[in-house]
Amino acid sequence: MPAVPNDPDESNRIFELQEEIDQLKEAVFSHAVVDQAIGMVVALGRITPDQGWEVLKDVSQHTNIKLRNVADMILIWGRSGEMPPEIRAELEDALDRYGPTQIPGAPPE
């Protein structure tokens with residue numbers, strides 16, 4: 001069983017470290033969600049990953065919704081087919097601005 005620290009400074013430091021660990025865990029999870037959403041946007045819009053990132057940023061900025069929340073909505077849309085109309089409209093507009101990228105070896109459109 002771990003010893004309980006007696007020193008208040010040590011207790012504070014442990015608390016601070018636990019908070020930092022929790023924040024890092026959230027950041028890793030959030031990054032994974034954003035990466036998955038970028039992957040969906042890349043596949044749907046036939047754009048590059050960098051363009052997918054720009055699309056997510058554009059949708060976030062034009063709707064005033066945090067990028068992580070936009071990414072969540074895109075992943076939910078992938079599973080359920082449902083997306084708020086204003087997000088769908090902004091996503092379509094952003095994809096029009098950034099894509100489609102020509103697929104290598106595909107005949108020109």
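This note goes through the predicted model point by point, from overall make-up to single residues.

1. Basis. The model is predicted, so that local features need pLDDT of at least 70 and side-chain atom pairs count only at pLDDT 80 or more, while totals for chains, interfaces and linings use all residues. Residues are numbered from 1 along each chain as its sequence is written, and side-chain values use heavy atoms, with hydrogens and water left out.

2. Confidence. Among the elements, the highest mean pLDDT, 95, belongs to helix 2, and the lowest, 86, to helix 1.

3. Make-up. The protein chain holds 4 helices and 0 strands, where helices (H or I, at least four residues) and strands (E, at least two) are DSSP runs numbered from the N terminus. The order of elements from the N terminus is α-α-α-α. Of the 109 residues, 26% count as buried; buried means under 20% relative accessible area, exposed over 50%, and partly exposed in between, with a 1.4 Å probe and protein chains only. Among contacts (heavy atoms within 4.5 Å) with a separation of 6 or more, 55% join residues 24 or more positions apart.

4. Helix 1 with helix 2. Axes here are lines fitted to C-alpha atoms, for helices over the stretch in contact, and angles run from 0 to 180 degrees between N-to-C directions. On the helix 1 side the contact uses Val-34, Ala-37, Ile-38, Val-41 and Val-42, and on the helix 2 side Pro-49, Gly-52, Trp-53, Val-55 and Leu-56. By class, this contact of helix 1 with helix 2 has 9 nonpolar, 1 polar and no charged residues. The classes are nonpolar for Ala, Val, Leu, Ile, Met, Phe, Trp, Tyr, Cys and Pro, charged for Asp, Glu, Lys and Arg, and polar for the others, Gly among them.

5. Helix 1 with helix 3. Helix 1 and helix 3 pack at about 55 degrees, their axes 9 Å apart, and are therefore oblique to each other. The crossing is left-handed, that is, the near helix is turned anticlockwise from the far one by less than a right angle, clockwise being right-handed. Residues in this contact include Phe-29, Val-33, Met-40 and Leu-44 of helix 1, and Leu-67, Ala-71, Ile-74 and Trp-77 of helix 3. The contact of helix 1 with helix 3 divides by class into 12 nonpolar, 3 polar and 3 charged residues.

6. Helix 2 with helix 4. The axes of helix 2 and helix 4 (residues 85–98) come within 9 Å and cross at roughly 140 degrees. These helices are therefore oblique to each other, and their crossing is right-handed. Among the residues in the contact are Val-55, Asp-58 and His-62 of helix 2 and Glu-90, Leu-91, Leu-95 and Arg-97 of helix 4. By class, the contact of helix 2 with helix 4 has 7 nonpolar, 3 polar and 5 charged residues.

7. Val-55. This residue of helix 2 is buried, with a relative accessible area of 0%. Beyond its neighbours within four places in sequence, Val-55 is in contact with Val-41, Ile-47, Leu-91, Ala-94, Leu-95 and Tyr-98. Val-55 and Leu-95 are 40 residues apart in sequence, with a C-alpha to C-alpha separation of 6.5 Å.

8. Ser-60 and Gln-61. Both lie in helix 2. Ser-60 is buried, at 12% relative accessible area, whereas Gln-61 counts as exposed at 60%. Not counting residues up to four places away in sequence, Ser-60 touches Ile-65, Lys-66, Leu-67 and Val-70. Gln-61 is 29 residues from Glu-90 in sequence and 9.8 Å from Glu-90 in space, C-alpha to C-alpha.

9. Positive phi. Most residues other than glycine have a negative phi. Arg-46, in the loop between helix 1 and helix 2, has a positive phi near 50 degrees; Arg-46 is partly exposed, with a relative accessible area of 33%. Asn-64, in the loop between helix 2 and helix 3 (67–80), has a positive phi of about 60 degrees. Asn-64 is exposed, with a relative accessible area of 73%.

Terms used: Parallel < 35°, antiparallel > 145°, perpendicular 65-115°, else oblique. pLDDT = per-residue confidence, 0-100.
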